[in-house]
Amino acid sequence: MDTKDFIDFGKAVIDFIANYTETLREKNVLPNVEPRYLFNLLPEKAPQKPESWQEVLKDVERYIIPGMTHWNSPQFHAFYPTANSYPAIIGDIMANGLGCVGLSWISSPACTELEMIMMNWLGKLLGLPKQFLSSNEGFGGGVIQGSASEVTLICLIASREQTTLRTKRLHPELGEAIIKTKLVAYASDQSNSSVERGALLASVPIRLLPTDDKCALRGETLLKAVKEDLKKGLIPCCVIANLGTTGTCAFDNLVELGAICEEYNMWLHIDAAYAGAAFACPEYRYLMSGIEYADSFNVNAHKWLLVNFDCSLLWLKDSRKLVEACSVDRIYLKHDKQGLIPDYRNWQIPLGRRFRSLKVWFVLRTYGVEGIQQYIRHSIRLAEMFENYVKSDSRFELVTERVLSLVCFRMKGDNQLTQELINRLTARRKIYIIAATYREKLIVRFVIGSRLTREEDVMFAWDEITSQATEILRTVTPPLEKGSDESLKTQLWQNQKV
Ligand code: PLP
């Protein structure tokens, strides 16, 4: 193939993506394939001779699309969403086309500076305190990372190093290695798995503390744990608080936790991977009250801010603390402007980095703040519509209060009914929802996040759910016996006729 062929290939792929996106509603959200399906379809080796791009594209249609779970389908209600928009896709193409690696300022000044500016734009979009923004005063600033998991890990590492340095200053008799064996971090038992994994990788033992009936971590629980650990001679170093847990979108009480972190000199990191996007709308900013206590704050733009994966936003109040923990220099990395502007390699795990801020820039400019607010409010309005459907049907119950675009519900009665509902819906592949637990109850998480979801899709999903519930109650409910109508299953069976 020559250059012209590749350019034609690229243009055809753009058309392919547009057509794929615009026809997503017509496809089942889940694929109908078995493990290793693709191994039976593709050759065992790369072709010896070049093939035409037309053949390659045909095989995407034939073999790849049928094995896709369509994350951007209007019927995808399972995990928190993966963001998707045309300007972000175009921005990623542009970044790949320009192809720089922004490991230091000199390695591509535009890459570093656009990222700094975008992190300030985004910080203002979300209404963050100005200490988190980059300016001539203070050491605040933001950086784009690959994932919330990486962010948690590096913040734990920064907190570990800070606490170790501070403790060494206070107790010069203690060696660094000894101090590090005494460190302990805290998070709620509702935290994402990446929090526990981050602690594992950073070698900081973490205590996952119990939460209240709203799944929120409260100050008194943290305080009790900190005091217990201090008594044992341990050194509390970091608290990872949730704004919007994965299971039920619960919000830890930052005001209470923050005051304790301040008193006991602990780093406060906030995982707002999904819910943080809602702060683009001022009416949801009450959910982050207490943010002023935080040392670091994370939102995944690649979840609910219309910027395609990967784009995880991290702001720090004092970026020097992270840079100190992550800096290793070599002669080949040096340049004569060092110290005047960030070298972002020192703010992250990898050395190399992509020009991710381009896609952010494209999205912010073509949607504007208002476009993004509209999208967030639209998702929440649709979730509210779904919540009202659940409330109106006595066979179901809401499990936790809906705050944003996640609705947690279940079939009343035994967990087995909800499990059967999830099994059936998954097998039918028309809508995609997943299970979670709340206390001992099995629940369904129903999230709105696809840019493509409309009212008609929510109605479709509700029809699908209720028709399966009807079937379940018809087949699972034991035959009715006279006089047994106090039993819950009987009530449910009767309710379905309403
Ligand atoms: N934190 C929360 C609250 C999440 O819901 C998730 C993923 O859904 C993560 C962290 C992990 O995000 P990532 O895949 O960017 O590491």
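A polar side-chain atom of Ser149 lies 2.5 Å from an oxygen atom of the ligand, a polar contact being a pair of N or O atoms within 3.5 Å (within protein, one must be able to donate a hydrogen and the other to accept it, and residues adjacent in sequence count only if both atoms are side-chain atoms). The model described here is predicted: local features need pLDDT of at least 70 and side-chain atom pairs count only at pLDDT 80 or more, while totals for chains, interfaces and linings use all residues. Residues are numbered from 1 along each chain as its sequence is written, and side-chain values use heavy atoms, with hydrogens and water left out.

**The ligand and its surroundings**

Asp271 places an N or O atom of its side chain 2.7 Å from a nitrogen atom of the ligand, and a polar side-chain atom of His302 is 3.3 Å from a ligand oxygen atom. On its own the ligand has 400 Å² of accessible area, of which the protein covers 84%; such areas come from the Shrake-Rupley method with a 1.4 Å probe, and for residues only the protein chains shown count as cover. The ligand is surrounded by 13 residues, the closest being Ala148, Ser149, Thr246, Asp271 and Asn300, where a residue is near a molecule or strand if one of its heavy atoms lies within 4 Å of it. At least two residues of this shell come from each of helix H5 (148-170) and helix H10. Helices (H or I, at least four residues) and strands (E, at least two) are DSSP runs, numbered from the N terminus.

Asn300 is located in strand S6 (residues 296-300). Its relative accessibility is 2%, so Asn300 counts as buried; buried means under 20% relative accessible area, exposed over 50%, and partly exposed in between (1.4 Å probe, protein chains only). The side chains of Asn300 and His302 are joined by a polar contact of 3.0 Å. Leaving aside residues up to four places away in sequence, Asn300 touches Ser147, Ala148, Ala272, Ala273, Cys311 and Ser312, contact meaning heavy atoms within 4.5 Å.

Lys303 belongs to helix H10 (residues 301-304) and is buried, with a relative accessible area of 19%. In an unreviewed entry, UniProt lists Lys303 for "modified residue: N6-(pyridoxal phosphate)lysine"; UniProt positions are given in the numbering used here, feature names are shortened, and annotations may be inferred rather than shown by experiment. With residues up to four places away in sequence not counted, Lys303 touches Tyr80, Pro81, Thr82, Ala83, Ala273 and Tyr274.

**Salt bridges**

Side chains of opposite charge can pair when their charged atoms come close. The whole structure holds 36 salt bridges, each being a side-chain nitrogen of Lys or Arg within 4 Å of a carboxyl oxygen of Asp or Glu.

| Pair | Closest N and O atoms |
|---|---|
| Glu256 and Arg218 | 2.7 Å |
| Arg410 and Glu397 | 2.8 Å |
| Arg345 and Asp343 | 3.9 Å |

Both Arg345 and Asp343 are buried. Arg410 is buried at 3% relative accessibility, whereas Glu397 is partly exposed at 21%. Glu256 is partly exposed, with a relative accessible area of 27%, and Arg218 is partly exposed at 29%. A network of salt bridges links Asp92, Asp310, Arg354, Arg356 and Lys359.
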